[in-house]
Amino acid sequence: MRPSRKLCSLVLVLTMAAVSGCVGAPLSEHNMMPPRVHRISHTYSDLISLPAPKGPIRVSVYQFRDQTGQFKPQENVSSFSTAVTQGAANMLIQALLTSHWFLPVEREGLQSLLTERKIISAAERNGGGESSNLPPLESANILLQGGITSYETNLLTGGFGAKYWGLGGSTQYRQDQVTVHLRAVDVRTGRILKSVSTSKTVFSYEVDAGLFRFLTYKKLLEIEAGFSHNEPVQMCVAAAIEKAVIALVVEGIQENLWVLDNPDDINNRVIKDYLEELQQVNAKAEAEAKAAKAAANQGGN
C-alpha cells in the first residue's frame with residue numbers, strides 16, 4: 001500500500017521542523033549570544049555569602065599550577081592540549097578577592113611590577129623633577145600554595161537505548177573528576193597552618209533519537225535528532241578552587257587562625273552547610289575504615 005500525498009507531506013513537514021528546531025535553537029541561543037562579564041560557577045553564591053572577617057588577610061600567590069600532567073583525552077588521536085586550564089592562579093586570585101577575607105598582593109607578575117617601578121624611578125631622575133618616593137611593596141602574612149592535583153577520566157560511564165519497528169532512542173553519560181589542594185603557610189615561620197582539598201565532578205551526557213523505516217519498496221524514511229551537554233572543565237576547576245577557599249576560611253575560623261568580625265556569624269548558612277558536609281564526609285571515612293579493619297581481621301582469622 002502506497003502512502004498518500006498528505007502523509008508524505010506531513011512527514012516532510014515534521015522532518016524539516018525537527019531539523020530546524022535542533023539546528024536553529026543552538027545557533028540562536030548560543031552562537032549569537034553576546035559576551036558576558038562573568039560566568040557564575042556552582043559555588044559563587046556561597047563564596048560571596050561568607051560573613052565578614054575582623055580584617056582582610058594579606059596573602060601572596062606565586063603559582064597555582066596544573067600538576068596532573070594530563071592531556072585532553074581524544075579517541076585515536078594524539079592531543080597536546082592539556083586536560084585542565086593553565087590559568088588556575090588567576091581563578092584563585094579572583095576567588096580570594098570575591099570572598100573579601102583575603103587581600104592578595106601581586107607576586108605572579110612580580111618581575112614586571114619591579115621593572116615598571118624602575119622605569120618610573122629612572123624617568124624621575126632623568127626629568128629632574130621631584131621624586132614621587134615610591135612606597136615599598138606590601139608584604140604578605142600568608143603564602144598560599146597548591147595546585148590542581150588530579151584529573152580522573154571515565155570514573156563513571158553508562159547509557160540506555162531501545163528500538164522498536166525502526167523507532168528508538170538512546171542516552172549516554174560520562175563522569176570525570178578534578179581535585180584541587182590548597183594550603184596556607186605562615187611566612188614568618190614557614191609552618192603550614194592549614195591544608196584543604198576539594199573535588200568537583202565533570203558531567204557529560206548525550207541524548208539521541210531516530211526513525212528508520214521503509215515507506216514503500218523503494219522509499220526510505222530516516223530521521224535523526226539529538227543533543228549533548230558537556231560541562232565546561234574550566235568552570236569545574238573554578239568551582240573547586242572557590243570551594244577550597246571556603247574550606248580554608250571555615251576551617252581556619254574553627255582553629256582560631258582568623259577571626260569573624262561578628263562572633264554570632266558562626267551560625268552563617270555557608271559555615272553551617274560546610275561543617276555539616278565535613279561531618280558527613282568524616283563519618284563516612286570512619287565507617288569505611290572500620291569496615292576495612294573488620295574485613296582484615298576476619299581474613300586473618
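Me: In β7, which residue is the bridge partner of D208?

Reply: G226 is the bridge partner of D208 in β7. Residues are numbered from 1 along each chain as its sequence is written. Keep in mind that this is a predicted model: local features need pLDDT of at least 70, side-chain atom pairs count only at pLDDT 80 or more, totals for chains, interfaces and linings use all residues, and side-chain values use heavy atoms, with hydrogens and water left out.

Me: Fine, but what makes β6 and β7 two strands that pair?

Reply: DSSP has to find at least two bridges between two strands. Here eleven bridges join β6 to β7 (residues 220-230), so they pair. The two run antiparallel and form a hairpin with five residues between them.

Me: How many helices and strands does the protein have?

Reply: Six helices and seven strands. Those are DSSP runs, numbered from the N terminus: H or I with at least four residues for helices, E with at least two for strands. Along the sequence they follow α-α-β-β-α-β-α-β-β-β-β-α-α.

Me: Why is Y173 called partly exposed?

Reply: Buried means under 20% relative accessible area and exposed means over 50%, with partly exposed in between (1.4 Å probe, protein chains only). Y173, which sits in strand β5, comes out at 34%, so it lands in the middle class. Across the protein, buried residues are 28% of the 301.

Me: And what makes the nonpolar surface patch?

Reply: L155, L156, Y173 and F203 make it, at about 330 Å². Patch members need over 30% relative accessible area and no salt bridge, and nonpolar side chains (Val, Leu, Ile, Met, Phe, Trp, Tyr) are joined within 5 Å. A salt bridge would be a side-chain nitrogen of Lys or Arg within 4 Å of a carboxyl oxygen of Asp or Glu.

Me: Which residues have the most contacts inside the largest nonpolar core?

Reply: F102, L144 and L182, in a core of 44 residues. α5 gives the most, with 13 residues. A nonpolar core is a set of buried Ala, Val, Leu, Ile, Met, Phe, Trp, Tyr and Cys residues joined through side-chain atoms within 4.5 Å.

Me: Which residues is L182 in contact with, leaving aside its neighbours within four places in sequence?

Reply: Among them are F64, L92, L144, V196 and L248. Contact means heavy atoms within 4.5 Å, so each of these has a heavy atom within that distance of L182.

Methods
Patches are made of residues with over 30% relative accessible area and no salt bridge: like charges are joined within 9 Å, nonpolar side chains (Val, Leu, Ile, Met, Phe, Trp, Tyr) within 5 Å. Accessible areas come from the Shrake-Rupley method with a 1.4 Å probe; for residues, only the protein chains shown count as cover.
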